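Work through these exercises with the structure open beside you. Try each task before you read its solution.

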Amino acid sequence: MTGSSPETIKVYLTDELHNFDYNRSRLYFIDAAVWAVKHRPSYVRYDIQDVSDHSLIYDQVAEYEFTDERDVTWFKLRWL
């Protein structure tokens with residue numbers, strides 16, 4: 001396909017990892033996105049979803065997208 005964007009690789013962070021409250025989790029997810037912008041050239045975007053009405057475990061889940069597996073690995077090493 002001409003003009004299509006490259007496939008993205010998705011990474012998910014949850015608020016369970018550090019047991020943060022709702023607001024602190026959001027700040028943590030934003031910090032991860034800021035870090036990705038500064039340090040990982042293939043970083044594309046992120047999105048935070050409130051899943052508290054649908055999950056017994058998580059309040060929020062953040063999705064990050066990259067186009068290079070190496071950047072995904074570095075992101076996981078830093079944030080997971």
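This is a predicted model: local features need pLDDT of at least 70, side-chain atom pairs count only at pLDDT 80 or more; totals for chains, interfaces and linings use all residues.

**Exercise 1. Find the buried face of a helix**

Task: Which residues of helix α2 are buried, and which are exposed?

Solution. 
- Step 1. Locate α2, which covers residues 69–79.
- Step 2. List the buried residues: D71, V72, F75 and W79.
- Step 3. Look down the helix axis. The buried residues of α2 fall within an arc of 100°, so they line one face of the helix.
- Step 4. Recall the general rule. An α-helix has 3.6 residues a turn, so residues three or four places apart point the same way.
- Step 5. Turn to the other side of α2. R70 and L77 are exposed there.
- Step 6. Ask what lies over the buried residues of α2. The cover includes β1 (9–14), α1 (22–39), β2 (43–50) and β3 (60–66).
- Step 7. Check the start of α2. A side-chain oxygen of D68 comes to within 2.6 Å of the backbone nitrogen of R70.

**Exercise 2. Classify two ring pairs**

Task: Is the pair Y43 and F66 stacked or edge-to-face? Then classify Y46 and Y64.

Solution. 
- Step 1. Start with the total. The whole structure holds nine aromatic pairs.
- Step 2. Take Y43 and F66. Their ring centres are 5.6 Å apart and their planes lie at 65°. Planes over 60 degrees apart count as edge-to-face, so this pair is edge-to-face.
- Step 3. Y43 is in strand β2 and F66 in strand β3, so the pair ties together parts 23 residues apart in sequence. Both residues are buried.
- Step 4. Take Y46 and Y64. Their centres are 5.8 Å apart and their planes lie at 15°. The cut-off for stacked is under 30 degrees, so this pair is stacked.
- Step 5. Y46 is in β2 and Y64 in β3, so the pair ties together parts 18 residues apart in sequence.
- Step 6. Y46 is partly exposed, at 30% relative accessibility. Y64 is buried, at 0%.
- Step 7. Widen the view. Y43, F66, Y46 and Y64 are among the members of one aromatic cluster, including also F20, Y28 and W35.

**Exercise 3. Follow the arginines**

Task: What does the side chain of R40 make a polar contact with? Where do R24 and R78 lie?

Solution. 
- Step 1. Find R40 in the loop between α1 and β2.
- Step 2. Test its burial. R40 has a relative accessible area of 17%. Buried means under 20%, so R40 is buried.
- Step 3. Name the polar partner. The side chain of R40 contacts the side chain of D71 at 2.8 Å.
- Step 4. Beyond four places in sequence, R40 touches W35, F66, D71, W74 and F75.
- Step 5. Turn to R24. It lies over the face of F20, 4.8 Å from the ring centre.
- Step 6. Finish with R78. It lies over the face of W79, 4.1 Å from the ring centre.

Methods: Residues are numbered from 1 along each chain as its sequence is written. Side-chain values use heavy atoms; hydrogens and water are left out. Buried means under 20% relative accessible area, exposed over 50%, partly exposed in between (1.4 Å probe, protein chains only). Helices (H or I, at least four residues) and strands (E, at least two) are DSSP runs, numbered from the N terminus. The arc is that of the directions from the helix axis to the C-beta atoms. Contact means heavy atoms within 4.5 Å. A polar contact is a pair of N or O atoms within 3.5 Å; within protein, one must be able to donate a hydrogen and the other to accept it, and residues adjacent in sequence count only if both atoms are side-chain atoms. Rings of Phe, Tyr and Trp (its six-membered ring) pair if their centres lie within 6.5 Å; planes under 30 degrees apart count as stacked, over 60 as edge-to-face and the rest as tilted. A charge sits over a ring if NZ of Lys or CZ of Arg is within 6 Å of the ring centre and within 35 degrees of the ring normal.
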